[in-house]
Amino acid sequence: MFFLFYGIMKKFHITIGTAVIGFLLLAGVRAGDISPATQACLDCHADLMPGLVEDWYHSRHARMTPAEALLLPEIERRVSISDSPGYLTGTVVGCAECHTLLPGEHEDTFEHFDYPVHAVVSPNDCAVCHPAEWEQYSKNIMSFANINLTQNDLYQTMVNEINGLPELIDNQLTTGESDPLTDMSSCLSCHGTEIRVTGTAKRETDLGTLEFPVLEGWPNQGVGRINPDGSFGACTACHTRHVFSIETARKPYTCAQCHKGPDVPAYPVYQVSKHGNVFFSQNSHWDFEPVPWTAGRDFAAPTCAVCHISLVTDKDGTIISERTHRMNDRLPQRLFGLIYSHPHPATPNTSIITNKAGFPLPTELTGEPVEEFLIDRKEQEKRLHNMQKVCRACHSTTWTEGHFAALDRAVETTNEMTWQATDLMTTIWTEGLALGLPQGSIIFDEAIEKQWTEQWLFYVNSTRFAAAMMGADYGVFANGRWYMAKNVREMRDWLELHNRLKK
């Protein structure tokens, strides 16, 4: 039962302060639109977690009921339902509307002052009002980010070599197993943890002794988080709680949380690009709130959201790009994360991919794509067309075609530079100068293998991103072509030196 009697505050003799009420009114929240169950939450948590509560007061959830949202013209709506859920008729979306929703589906549900509460709000909960967005995101490679990492033996080996502690035993350097908390604060911080209920624990609080579930893998807002209700993903990775602002999701700082390192350098490349230049110098004059988002009026240069997600129109209301939460809808080619660039996977679950050599990779070690697992040419052209429409909102067809021709060439040359390094690495393994694939050994633990990994994971990725996002110098000297060439030369010199020493 969603709404129960409202009497918690009388039980504990706690009342909301006049300052909080004043803030609520200033923020535009109408007290009559708050459900009794949410009001009960606010009365306690306004004192216990004032920052969280005031964040919610600033949210659109607090200012507009789903029924009111449906009165907007369809193109301006931020919900994708056709009718307001019955239990939300006349009430705003507050604490109880999210944290007591679908209690039977949440393994982490516990009784909290007679309310069935769960701490982890999942995409299945959000889908009550945003079903189209969740349907799109569920087909997004991000939603499987945990699965694609943890169920790929090759990448799990690399994770362990990064997070495991090195140990010298009998003059041999080995790497121990990485531990869950280290994985949680490193790779799985972005890829997402699997949140499990491991039991319950009693805690002494200002309101007496209370019992709470113990959650393993929590807190986490990774894009591929596996939630206690079995759903994948976390909407709060981009729509940060509890204001869930579209402005936050549209600014590049949000994407920078996971796209900043040398393996996925989208944000540093954007910073040095002309688009980034315009954003950082002019964005204080832009409007990040409207739906749809109008090119030339609301913003003057693309952010990550403009290119990949947002519903964008021209000043006449003509749609340039449809809103999507499948982030690769406008991406024909996968640029980062794997040894070679290749067409995007046809399914978001890439852990099912196997190449001819039996490795969990979408290409052979020589670079040929494993086509049966990847989108076909027709789908690639469709996605490229969708992206180019965004570009042509500001640029000519000639400019746009020239840009993508340069990007195609960057993909070709970086794949070739990857093959050169991989060919050297294969020779080194074959000649027994390092232990790798022929010996059935770990391929990320020796120094020369780490150098090979840096070729495709760091330098190649930086070069491709720089070509895709007009961040030229980042792909030349900062972390790009210079280092690719230098790396291949050093690997060749390493091979020659060790062959001499072997003789």
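# Briefing: helix packing, strands, cysteines and selected residues

Leu102 is placed in the loop between α7 (95-99) and β1 (110-112); helices (H or I, at least four residues) and strands (E, at least two) are DSSP runs, numbered from the N terminus. The model is predicted, so local features need pLDDT of at least 70 and side-chain atom pairs count only at pLDDT 80 or more, while totals for chains, interfaces and linings use all residues. Residues are numbered from 1 along each chain as its sequence is written, and side-chain values use heavy atoms, with hydrogens and water left out.

- Leu102 has a phi near 50 degrees, which is positive in a residue other than glycine.
- With a relative accessible area of 30%, Leu102 is partly exposed; buried means under 20%, exposed over 50% and partly exposed in between (1.4 Å probe, protein chains only).
- Asp114 is not a glycine either, and its phi is positive at about 75 degrees.
- Asp114 sits in the loop between β1 and β2 (115-117), and a relative accessible area of 38% makes Asp114 partly exposed.

**Cis peptide bonds**

- Arg241 and His242 are joined by a cis peptide bond with omega of about 0 degrees; His242 is in the loop between β6 and α14 (246-250).
- Val291 to Pro292 is also a cis peptide bond, with omega near 0 degrees; Pro292 is in the loop between α17 (274-282) and β7.

**Packing of α20 and α21**

- Helix α20 (residues 397-430) and helix α21 (residues 447-469) have axes that come within 9 Å and cross at roughly 175 degrees.
- This makes α20 roughly antiparallel to α21; angles over 145 degrees count as roughly antiparallel, under 35 as roughly parallel, 65 to 115 as roughly perpendicular and the rest as oblique.
- The axes are lines fitted to C-alpha atoms, for helices over the stretch in contact, and angles run from 0 to 180 degrees between N-to-C directions.
- Residues of α20 that meet α21 include His403, Leu407, Met417, Met425 and Trp429, and those on the α21 side include Ile448, Trp452, Trp456, Val460 and Arg464; contact means heavy atoms within 4.5 Å.
- The residues of this contact divide into 13 nonpolar, seven polar and two charged. Nonpolar covers Ala, Val, Leu, Ile, Met, Phe, Trp, Tyr, Cys and Pro; charged covers Asp, Glu, Lys and Arg; the others, Gly among them, are polar.
- Asn461 is also part of helix α21 and counts as buried at 0% relative accessibility.
- Leaving aside residues up to four places away in sequence, Asn461 touches Pro262, Asp263, Pro265, Leu335, Phe336, Gly337 and Trp456.

**Strands**

- Strand β5 (residues 196-205) pairs with strand β6 (residues 208-216) in the antiparallel sense over nine bridges; pairing requires that DSSP finds at least two bridges between the strands.
- Two residues separate β5 and β6, which form a hairpin; Gly199 has Val214 in β6 as its bridge partner.
- An open sheet of three strands runs in the order β7-β8-β9, with mixed pairing.
- Its edge strands are β7 (293-294) and β9 (319-321), each of which pairs on one side only.
- β7 pairs with strand β8 (residues 312-313) in the parallel sense over two bridges, and Trp293 has Val312 in β8 as its bridge partner.

**Cysteines**

- The structure holds one disulfide, which joins Cys190 to Cys258 at an S to S distance of 2.3 Å; the criterion is a pair of cysteine sulfur atoms within 2.5 Å.
- The link of Cys190 and Cys258 is left-handed, with -100 degrees about the S-S bond.
- Cys190 is in helix α13 (residues 187-191) and Cys258 in the loop between α15 (252-255) and α16 (266-272), so the bond ties together parts 68 residues apart in sequence.
- Cys258 counts as partly exposed at 30% relative accessibility.
- The closest cysteine sulfur to that of Cys304 is in Cys255, at 3.7 Å, which is too far for a bond; Cys304 is partly exposed at 21% relative accessibility.
- Cys394 is in no disulfide, and its nearest cysteine sulfur, that of Cys391, is 9.0 Å away.

**Two further residues**

- Ile141 lies in the loop between α9 (131-138) and α10 (145-150) and counts as buried at 18% relative accessibility.
- Ile141 and Thr350 are 209 residues apart in sequence and 7.9 Å apart, C-alpha to C-alpha; beyond four places in sequence, Ile141 touches Asn148, Arg334, Pro345, Pro348 and Thr350.
- Trp482 is in helix α22 (residues 481-502) and is partly exposed at 49% relative accessibility.
- Not counting residues up to four places away in sequence, Trp482 touches Val476 and Phe477.
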